[in-house]
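With the model open in your viewer, please follow the stops below in order, making each selection before reading what is there.

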Amino acid sequence: MTVYYPARPGLPQFRHNATWPDHKPVPPRGIRPEHDVKTMRRITVLFCHLATMAFTVWAEPVTTAPRIDCPPEAIPTYAAARAGVCHNDLGVAAIKENRGEEAAAHFERASEAWKAAGAEYKETWNYTQLILAGLYQQQHHMAKVEAALGRYLAIPLTEQERRPEALSRLAIVYADTGRTARGLELAQEAVAAFEALPVARSVEAAYAHNNLGVISLSLGRQEEAETHLRKALEGAVAALGESHSDTTGYQTNLALALLSRGDASGAEVLLRRARYSLERQPGASENQLAMVCAELSAVAVMHNKLATASAESKKALEILRRQQYADPRAIALAQVNLADVELHANRLREAESLLNTAVESERRVAPDSRLLADGVRRMAQLRAKQQRWHEATELYREAIGIYDRVVGAENPAVVPLLREYADTLKREGGQKAEIRNTEVRTKAILGFTARR
């Protein structure tokens, strides 16, 4: 299963010429989705299966005159504003050539230059923070993403309608770093802010609905998640068209919501449509295809087509491993997904090999997360199949404890684990009080859910 987060901070669009400094850069006029873009994809985990966040940046700045000459050795001697333009241009070139770390370094220097250049360049400085957030997101530097967005939000903006963009992105940062409740609040605030704007900004509003949808899904709020993911998809289709990469991403997320409530057929329709679009897009993101493959694997498992599930899951894992900025959490999650297929096929040795590697990685890079809980749960299922009941019960206790802390003790998402745990306790023998308490808790959660 898969989750998508396309975002679109744009590079500042300057107007300058070689007669610098007589002609100063004009602050960016806004994000313009009609331009061709270069997509930088990264993987994150919110739900118990694959999740992606895509930050989109412009491949080139918009200019009305030839670029100024920027020999790196001379930049320190330039006036602040001119140095900012030079670092911006060098950063753009680095992005175009997939040199992300170098691009981030140039935009950090550009940010310093805009600040030194004074109040006239405040809006340009603001947008540079969004660019940096996107670059650091792609490189999995979450603390730096949060810092850049925090700087953006800390400055009083002349265009208050720009604030929801940063709120929506910051929501994902919080959700990605174990502060899901706060992420949910920010996502809700962003959606409300977009809906209150006097002039609709459909592309960003769709992105905000998508973020709110996937965070809600990670918290087991399925109806709310599906509502917002449908709004995201509808907004993207209307503003960008059915074949746009954002549209296919939102289709993939909506498919995940359908899968979470058992609608494999509805999910498969969306996923086949997304794959069709991706296969006909020159330069389409491989990560996006990996996400579709992962969810199609889940569909195949639900249809008991295990050979297809294995092939799709292996393809997703292969794609993720060869990325320029491979995310160890995403790779671990893909390994857990493949292990789940192996468990269904009763290939326990293969499943154990995958889970040993994946859970060890998750303990290191994603402690106390739903990602780790899902890996531990799969390991518990493996031990149950091996009739190693005591080990299975200990692993279920660990997984349930993480779920309780991350999504809440009364969340219906924990019910499947409680049922599996109770069954394992029965097979282990004894502990009747624990079995009874677990069954009572399960009924209480289901009863509370039914009353809502």
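**First stop: the disulfide**

Select C70 and C86, where the torsion about the S-S bond is about -80 degrees, so the disulfide is left-handed. This is a predicted model, in which local features need pLDDT of at least 70 and side-chain atom pairs count only at pLDDT 80 or more, while totals for chains, interfaces and linings use all residues. Residues are numbered from 1 along each chain as its sequence is written, and side-chain values use heavy atoms, with hydrogens and water left out.

The S to S distance between C70 and C86 is 2.2 Å, where a disulfide is taken as a pair of cysteine sulfur atoms within 2.5 Å; by this rule the count comes to one disulfide. C70 lies in the loop between β3 (51–58) and α1 (80–96), whereas C86 is in helix α1, so the pair ties together parts that are 16 residues apart in sequence. Helices (H or I, at least four residues) and strands (E, at least two) are DSSP runs, numbered from the N terminus. Both C70 and C86 are buried, that is, under 20% relative accessible area, with exposed meaning over 50% and partly exposed in between (1.4 Å probe, protein chains only).

**Next: the nonpolar cores**

Select L149 and I215, the residues with the most contacts inside the largest nonpolar core, which has 110 residues. Such a core is a set of buried Ala, Val, Leu, Ile, Met, Phe, Trp, Tyr and Cys residues joined through side-chain atoms within 4.5 Å. Helix α11 (residues 286–302) gives the most to this core, with nine residues. Apart from it lies another core, of seven residues, including I75, Y78, A83 and A113.

Returning to L149, display its neighbours L130, A133, A166, R169, L170 and V173, which it touches when residues up to four places away in sequence are not counted; contact here means heavy atoms within 4.5 Å.

**Then: Q281**

Select Q281, in the loop between α10 (264–279) and α11. Its side chain reaches the backbone oxygen of S243 at 2.4 Å. Leaving out residues up to four places away in sequence, Q281 touches S243, H244, S245 and T248.

**Last stop: helix α15**

Select residues 370–385, which form helix α15, a run of 16 residues reaching 23 Å from its first C-alpha to its last, close to the 22 Å expected at 1.5 Å a residue; the expected span is 1.5 Å times one less than the number of residues. This helix is mostly covered, with 15 of its 16 residues buried. Following α15 is Q387, whose phi is positive, near 60 degrees.

Notes: Polar contact = N/O pair within 3.5 Å; in protein donor to acceptor, adjacent residues only side chain to side chain.
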